[in-house]
Amino acid sequence: MGTGLGLGVGIAALGVGIGLGLIGNGALQGMARQPEAIGKLQTAMLIALAFVELVFLLTVFVAPFLIK
Amino acid sequence: MDAIFLNGPSIFAEADAMSAKEPSIWGLAAYIALVLVILFVLMSYAKKGLNVRVFKNPITSLFEQLYLFIENMCVGSIGQHGRKYIPMMMTFWMMIFVGNVVALLFPFAPTADLSFNLGMALIAVCYVQYEGVKANGLLGHLKHFTGPKLSGAMVAISVLIFTIEIISELMKNVSLSLRLYGNIHGGHLAVEAMNNLGNKIYVPLGVVVLLLIKLLTCLVQALIFTMLTCVYLSLVTHHGEDHAEGDHGQAATAH
């Protein structure tokens, strides 16, 4: 059970890491192109980050209920 | 927490067994009381410099900056009528932030317990519904869930959309509370693991390396909780207010 949990969390972390990187990439490019929009971009970026992070947290909390 | 996850095979029970510092319900209450005491002392101290024309009291100006920040956030994401939600958002922000930061100095934080977060998320979601009903009326608020206006046989789709919206509305409070709990509790576990790593060489690695990152997490989590509540509020209260403003504008130009 422990191995499966570790593997599942690892895979989830992999995907979420890629997603967070993509969001950071997009936000940074946008900020570099349009420095005056930094405030709005930051807000949107943080919200997107929160939603992506939630996927990982859900995985962490749901996985132990699936593996029995 | 135990009451909620009673049936699960439990990683929670294991975690409880591993970390003996998880307090009971009264311990949690004591930590919440600690947070409230910190907040009340700070705010009562800040109130002293309130009647001066320029705030000389540093605590007062600190809270002024915080107020400006929250006001900026509310007005930015909700619009001009977002100003009346500032007190609630400010309360959420301060409660969560101080609740998070307490963990840097004491062995536990109230926000690292799911029940406290769930309570706060319930308050937030219910507040959003209340404000939505207040802004659009009960029928308008319910109509808001049905999506775009469809006619004829397409009403079936509206029913589907309504169901899905209700479910997502209910899941909002799960997502709000789980996000906060997972981040703070996960941060604690990470610091603990780093400290265990450094045990052999007698260096508390977690304290050295991770506490600063944890401070950032504390700030960002408080910000995200508040900002998401703002976004939910803007989704719910948007239409009615905008139409009203539009009508006023037209009336003004007509005159």
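Chain B meets chain A through 14 residues of chain B and 13 residues of chain A; contact requires C-beta atoms, placed from the backbone, within 7 Å. This is a predicted model, in which local features need pLDDT of at least 70, side-chain atom pairs count only at pLDDT 80 or more, and totals for chains, interfaces and linings use all residues. Residues are numbered from 1 along each chain as its sequence is written, while chains are lettered from A and ligands numbered from 1 in the order in which they are written.

**Chain B side of the interface**

- Helix 3, helix 6 and helix 7 of chain B each supply at least two residues to the side that touches chain A.
- Helix 7 of chain B gives the most, with 5 residues.
- This side divides into 8 nonpolar, 5 polar and 1 charged residues. Ala, Val, Leu, Ile, Met, Phe, Trp, Tyr, Cys and Pro count as nonpolar, Asp, Glu, Lys and Arg as charged, and the others, Gly among them, as polar.

**Chain A**

- Chain A has 2 helices and 0 strands. Helices (H or I, at least four residues) and strands (E, at least two) are DSSP runs, numbered from the N terminus.
- The radius of gyration of chain A is 16 Å, well over the 11 Å that the globule rule gives for 68 residues, so chain A is more spread out than a compact globule. The radius is taken over C-alpha atoms, and the rule is 2.2 Å times the number of residues to the power 0.38.
- The C-alpha atoms of chain A fill a box of roughly 50 × 15 × 10 Å along the principal axes.
- Of the 68 residues in chain A, 6% are buried; buried means that 20 or more other C-beta atoms lie within 10 Å of the residue's own, with C-beta atoms placed from the backbone.

**Nonpolar core**

- The largest nonpolar core has 45 residues. Such a core is a set of buried Ala, Val, Leu, Ile, Met, Phe, Trp, Tyr and Cys residues joined through C-beta atoms within 7 Å.
- Elements giving two or more residues to this core include helix 2 (38–66) of chain A and helix 7 (205–254) of chain B.
- B:Trp93 is among the residues with the most contacts inside the core. B:Trp93 touches B:Ile70, B:Ala222 and B:Thr226, not counting residues up to four places away in sequence.

**Helix 2 and helix 3 of chain B**

- B:Leu42, B:Tyr45 and B:Ala46 in helix 2 meet B:Ile59, B:Thr60 and B:Phe63 in helix 3.
- The residues of this contact divide into 5 nonpolar, 1 polar and no charged.

Technical notes: A residue is buried if 20 or more other C-beta atoms lie within 10 Å of its own, exposed if 12 or fewer, and partly exposed in between; C-beta atoms are placed from the backbone. Two residues are in contact if their C-beta atoms, placed from the backbone, lie within 7 Å.
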